[in-house]
Amino acid sequence: MGTGKMIKYFYNIQLAENKIRIVSDFPIAQTKKNCKFFTECDASEAEEEIPAYRVTCEDFKIPEQAVVCGNNGDKNLYRDRNVYYRELIRMMNGSNIRAVSVYSSEFMGCAGNIYVDERIRDGLQGELNIIDYLPLEQMLLWQKSLILHSSFVLHHGVAILFTGPSGIGKSSQADLWRKYLQAQIINGDRAIIKWHAEKDRYFAYGSPYSGSSPYCENKSAPLVAIILLEQAEKNQIEPVSSAEAYMKLFSQVTINQTDRTSVENALEMVEQWVRKIPIYRLKCRLDKEAVELVRKVIE
């Protein structure tokens, strides 16, 4: 008796002008968080021969010779020459569940395998987000892009990013721009910054990570300014020195801080931001005057 051909499911993730193909042994659901970035392929797209991540249900064992090169909370990063193993361990129903992404620097992180626990498989068919199991920060880094902890506002076709430590008021400033200038909030927590070679300038891109923010749009725009936020009793805006901008921006990028190569590449990219993107400090209250100060500077 024949076993029949195994069904495969094909998906695309569109992110910062990159297309990441997912080929899975089981169906993967769209979620509220990933629906703007994650779509099922049609039949013609599925025939394309492009690098892909293959998702299977398997208890994968990381090779003994692989060495630890990073640890960040529930993520462990191992390396064996040019092959990386990203282990994600999370608690579900009182026990640890595990997934391992395996990828090579040869494909800039855009192809590899994801091995998941059967409970993760079941979750990916419901509420779990497949994007959480991809090494996106590593892919973006290899493609000269970085995720910045920031709110992303789109106003008159250009992007303004508000950044600073958690609780400083990034989402609140974005809300003020929506209230007083009818700006669109693309993301309230994370944005991607990437050099656009054809346009000869930096662009901001929507990110699939948005924390507790309800805003998570897959849009992009030319980046006209990054605003470093500080809370104050009086509104004031001023340029920031290169040295200060460099340090403060680097503290807000999403990378594996324990991987030396990642840190060095990120430092180089942030240095380029400081040279080519206008960066200001906004000492502010939560009012219309703060919005107007920034608007006048960028226009």
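The model on screen is a predicted one. Glutamate 17 sits in the loop that joins β1 and β2. Its phi angle is positive, at about 65 degrees, although the residue is not a glycine.

Buried or exposed: how does alanine 16 count? Alanine 16 counts as buried, at 2% relative accessibility. Alanine 16 is likewise a non-glycine residue with a positive phi, here about 50 degrees.

**The whole chain**

Now zoom out and colour by secondary structure. The protein contains 7 helices and 17 strands. Its radius of gyration is 21 Å, close to the 19 Å given by the globule rule for 299 residues, so the protein is as compact as a globular protein of that length. Along the principal axes, the C-alpha atoms occupy a box of roughly 75 × 45 × 40 Å.

Switch to a surface display. The accessible surface amounts to about 14700 Å², and carbon and sulfur atoms contribute 49% of it. Of the 299 residues, 51% count as buried. Among contacts with a separation of 6 or more, 63% are between residues 24 or more positions apart. For a view of the charges, select the 37 positive and 38 negative side chains; the centres of the two sets are 5 Å apart.

**Strand β10**

Select strand β10 (residues 145–155) and, within this strand, leucine 148. Leucine 148 is buried, with a relative accessibility of 0%. Display the residues in contact with leucine 148 beyond its sequence neighbours: among them are Leu161, Thr163, Ile193, Ile226, Leu249, Val253 and Trp273. The contacts of leucine 148 also include Asp189 and Arg190.

Remain in β10 and move to serine 151. Serine 151 is buried too, at a relative accessible area of 0%. Which backbone atom lies 2.9 Å from a polar atom of the serine 151 side chain? The backbone oxygen of lysine 170 does. Beyond four places in sequence, serine 151 touches residues including Ile160, Leu161, Phe162, Lys170, Ser171 and Ala174. Asn187, Gly188 and Asp189 are also among the residues in contact with serine 151.

**Strand β11**

From serine 151, step across to its contact Phe162. Phenylalanine 162 lies in strand β11 (residues 158–163). Phenylalanine 162 is buried, with 0% relative accessible area. Its C-alpha atom is 6.8 Å from that of phenylalanine 152, a residue 10 positions away in sequence. Show the contacts of phenylalanine 162 beyond four places in sequence: they include His149, Ser150, Ser151 and Val153. Further along the chain, the contacts of phenylalanine 162 include Lys170, Gln173, Trp177, Ile227, Leu229 and Val294.

Which residues are buried in α7? They are Ala290, Val291, Glu292 and Val294. An α-helix has 3.6 residues a turn, so residues three or four places apart point the same way. Now display the elements that cover the buried residues of α7: these include β11, α4 (170–181), β15 (220–231), β16 (236–239) and β17.

Finish at aspartate 287, in the loop between β17 (279–284) and α7 (288–298). Aspartate 287 counts as buried because its relative accessibility is 17%, under the 20% cut-off. Two interactions of its side chain may be displayed here. The aspartate 287 side chain forms a polar contact with the side chain of asparagine 235 at 2.9 Å. The aspartate 287 side chain also reaches the backbone nitrogen of alanine 290, at 3.2 Å, and Ala290 is one of the buried residues of α7. Apart from neighbours within four places in sequence, aspartate 287 is in contact with Leu176, Tyr180 and Asn235.

Note on methods. Residues numbered from 1 in each chain as written. Predicted model: local features only at pLDDT ≥ 70, side-chain atom pairs only at ≥ 80, totals over all residues. Heavy atoms only, no water. Helix = DSSP H or I, 4+ residues; strand = E, 2+ residues; numbered from the N terminus. Rg over C-alpha atoms; globule rule 2.2 N^0.38 Å. Buried < 20%, exposed > 50% of the residue type's maximum accessible area, 1.4 Å probe, protein only. Contact = heavy atoms within 4.5 Å. Areas by Shrake-Rupley, 256 points an atom, 1.4 Å probe, with all protein chains shown as cover. Lys, Arg positive; Asp, Glu negative; His and termini not counted. Charge placed at Lys NZ, Arg CZ, Asp CG, Glu CD. Polar contact = N/O pair within 3.5 Å; in protein donor to acceptor, adjacent residues only side chain to side chain.
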